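The sequence and the model are shown first.

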Amino acid sequence: MKGYEPRSSSSCAACKFLKRRCIPNCIFAPYFRSDECKKFAKVHKVFGASNVSKILVEVPEDQREDTVNSLAYEAEARLRDPVYGCIGAIALLQRKMLELQHDLAIAKDRLARYSAVAATATADATSLITSSSSSSVSLPPFPEFPSSSDFNDTAAFCHASSSSSQSFPTTVVDDFIQIPYIF
């Protein structure tokens, strides 16, 4: 038993809390030291002393310490959240895990796209270098802007940009894959 010391004359936390004399073979003594009164009080409030002693008797001796730690955790969670107890904490952690898995999938997808774009860019750059040096680089057409005479009429200026023959593709952000994270 880890951390268990033979008792001298002091009672264990359970016997102190229950205001009874602690016997030498007290089932609570190895798991509720005399300075852990609050720990036993929480376990007693949720489970009751007789139920805890029944549980400890049924559990093999090498698993009792883990059982008491589990009971103490459950009691603490049940006192904090009487409705859900530790299930609420587990559900919260599972939801957080799903969010993190989703974020990881998005990051992997972005990384794959960026590495594919980088591979394409390096392949294009090497093909440009290997082609003749006298070749010219073609640029996309420059968008048409309204003439200076249109600046006098603001309505014409506003409508000229929307009715121009040059149309730009509009992208819709459906999930935040295209927007970088800002930390």
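The structure is a predicted model, in which local features need pLDDT of at least 70 and side-chain atom pairs count only at pLDDT 80 or more, while totals for chains, interfaces and linings use all residues. Residues are numbered from 1 along each chain as its sequence is written, and side-chain values use heavy atoms, with hydrogens and water left out.

**Overall architecture**

The chain has six helices and zero strands, and its elements run α-α-α-α-α-α from the N terminus. Helices (H or I, at least four residues) and strands (E, at least two) are DSSP runs, numbered from the N terminus. The chain holds 183 residues, of which 17% count as buried. Buried means under 20% relative accessible area, exposed over 50%, and partly exposed in between (1.4 Å probe, protein chains only). The accessible surface amounts to about 14300 Å², and carbon and sulfur atoms account for 60% of that area. Such areas come from the Shrake-Rupley method with a 1.4 Å probe; for residues, only the protein chains shown count as cover. Among contacts (heavy atoms within 4.5 Å) between residues at least 6 apart in sequence, 48% join residues at least 24 apart.

**Aromatic pairs**

Rings of Phe, Tyr and Trp (its six-membered ring) pair if their centres lie within 6.5 Å; planes under 30 degrees apart count as stacked, over 60 as edge-to-face and the rest as tilted. By this rule the chain has four aromatic pairs. Two of them are listed here.

| Pair | Centre to centre | Angle between planes | Type |
|---|---|---|---|
| F17 and F40 | 5.8 Å | 70° | edge-to-face |
| F32 and F40 | 5.1 Å | 80° | edge-to-face |

F17, by contrast, is partly exposed at 36%. Together F17, F28, F32 and F40 form one aromatic cluster.

**Helix α3 and its cover**

Helix α3 (residues 49-58) has A49, V52 and L56 buried. These residues lie on the same side of α3 because they cover an arc of only 65° around the axis; the arc is that of the directions from the helix axis to the C-beta atoms. On the other side of α3, K54, V57 and E58 are exposed. The cover over the buried residues of α3 includes α1, α2 and α4 (64-80).

**A buried glutamate**

Which residues does E36 contact, leaving aside its neighbours within four places in sequence? They are A13 and Y31. E36 is found in the loop between α1 and α2, and it counts as buried because its relative accessibility is 16%.

**A nonpolar surface patch**

V83, Y84, I87 and I90 make a nonpolar surface patch of about 430 Å². Patches are made of residues with over 30% relative accessible area and no salt bridge, with like charges joined within 9 Å and nonpolar side chains (Val, Leu, Ile, Met, Phe, Trp, Tyr) within 5 Å. A salt bridge is a side-chain nitrogen of Lys or Arg within 4 Å of a carboxyl oxygen of Asp or Glu. I90 belongs to helix α5 (residues 86-130) and counts as partly exposed, at 41% relative accessibility.
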